[in-house]
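Work through the exercises below with the sequence and the 3D view side by side. Try each task before you read its solution.

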Amino acid sequence: MGGQPFDGQPATAAVRMKIQWTSKASSDLLRLHEHLRPVAPEAAARVVQQLAHAPNRLIDYPRLGEKLEAFEPREVRRIIVGHYEMRYEIANGTLFILRLWHCRENRSLEAEH
């Protein structure tokens with residue numbers, strides 16, 4: 001993946017990350033559910049659960065995602081979860097979940113600013 005190489009080492013207990021969803025990311029999750037629910041209610045629930053739990057793997061490996069150089073000096077990264085992109089920022093021992101969307105959606109860089 002881009003940017004900093006992933007060294008495969010978990011975060012130590014002293015630097016274990018916590019997760020905080022921004023209001024925009026929470027709204028994105030709700031928007032995705034509302035979009036999918038009318039046509040596939042069970043799939044909508046499954047996708048939302050998958051996306052809601054995806055950041056948990058970042059607690060031990062916060063730099064797992066690809067670093068997005070366009071946001072320097074901030075440490076903004078992305079992971080792909082199924083057909084969805086999730087962007088997050090590492091700051092002050094916290095993983096801030098910034099935004100998420102379906103990979104087919106046209107999104108610009110300003111979405112996290």
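The expected span of a helix is 1.5 Å times one less than its number of residues. Helices (H or I, at least four residues) and strands (E, at least two) are DSSP runs, numbered from the N terminus. This is a predicted model: local features need pLDDT of at least 70, side-chain atom pairs count only at pLDDT 80 or more, and totals for chains, interfaces and linings use all residues. Residues are numbered from 1 along each chain as its sequence is written, and side-chain values use heavy atoms, with hydrogens and water left out.

**Exercise 1. List the elements of the protein chain in order from the N terminus.**

Solution. Start with the count: there are two helices and five strands. The elements run β-α-α-β-β-β-β.

**Exercise 2. Compare the span of H1 with the expected span, then find which of its residues are buried.**

Solution. Step one is length. H1 has 14 residues and reaches 20 Å from its first C-alpha to its last, close to the 20 Å expected at 1.5 Å a residue.

Step two is burial. Buried means under 20% relative accessible area, exposed over 50%, and partly exposed in between (1.4 Å probe, protein chains only). Ala25, Asp28, Leu29, Leu32, His33 and Leu36 are the buried residues of H1. Looking down the helix axis, these buried residues fall within an arc of 130°, so they line one face of H1. The arc is taken from the directions from the helix axis to the C-beta atoms.

Step three is the other side. There, Ser23, Leu30 and His35 are exposed.

Step four is the packing. Contact means heavy atoms within 4.5 Å. The buried residues of H1 pack against strand E1 (18-21), H2, E4 and E5.

**Exercise 3. Work out the strand order of the sheet and name the strands at its edges.**

Solution. Two strands pair if DSSP finds at least two bridges between them. The five strands form an open sheet in the order E1-E5-E4-E3-E2, with mixed pairing. E1 and E2 stand at the edges with a single partner strand each, so one side of each has no neighbour in the sheet.

**Exercise 4. Trace E4 and its bridges to E3 and E5.**

Solution. Take E3 (residues 76-81) to begin. Six bridges join E3 to E4, and the two run antiparallel. Arg77 has Tyr88 as its bridge partner in E4. The hairpin of E3 and E4 has two residues between the strands, and Gly82 in the turn has a positive phi of about 65°.

Now go to E5 (residues 94-102). Eight bridges join E4 to E5, again antiparallel. Tyr84 stands opposite His102 in E5. Tyr88 has Ile97 as its bridge partner in E5.

Finish with burial. Seven of the eight residues of E4 (residues 84-91) are buried, so this strand is largely enclosed by the rest of the structure.

**Exercise 5. Which residues have the most contacts inside the largest nonpolar core?**

Solution. A nonpolar core is a set of buried Ala, Val, Leu, Ile, Met, Phe, Trp, Tyr and Cys residues joined through side-chain atoms within 4.5 Å. The largest one has 20 residues, and those with the most contacts inside it are Leu51, Ile79, Tyr84, Met86, Tyr88, Leu95 and Leu100. Helix H1 (23-36), helix H2 (41-53), E3, E4 and E5 each give two or more residues to this core.

Zoom in on Leu100. Leaving aside neighbours within four places in sequence, Leu100 is in contact with residues including Trp21, Leu29, Leu32, Leu51 and Met86.

**Exercise 6. Is Asn92 buried or exposed? Is Thr94 buried or exposed?**

Solution. Asn92 is found in the loop between E4 and E5. At 78% relative accessibility, Asn92 counts as exposed. Its phi is near 55°, a positive value in a residue other than glycine.

Thr94 is found in strand E5. Thr94 is buried, with a relative accessible area of 3%. Beyond neighbours within four places in sequence, Thr94 is in contact with Met17, Lys18, Gln20 and Glu89.

**Exercise 7. Where is Pro73, and which residue does a cis peptide bond join to it?**

Solution. Pro73 lies in the loop between strand E2 (66-67) and E3. The cis peptide bond joins Glu72 and Pro73, with omega about 10°.
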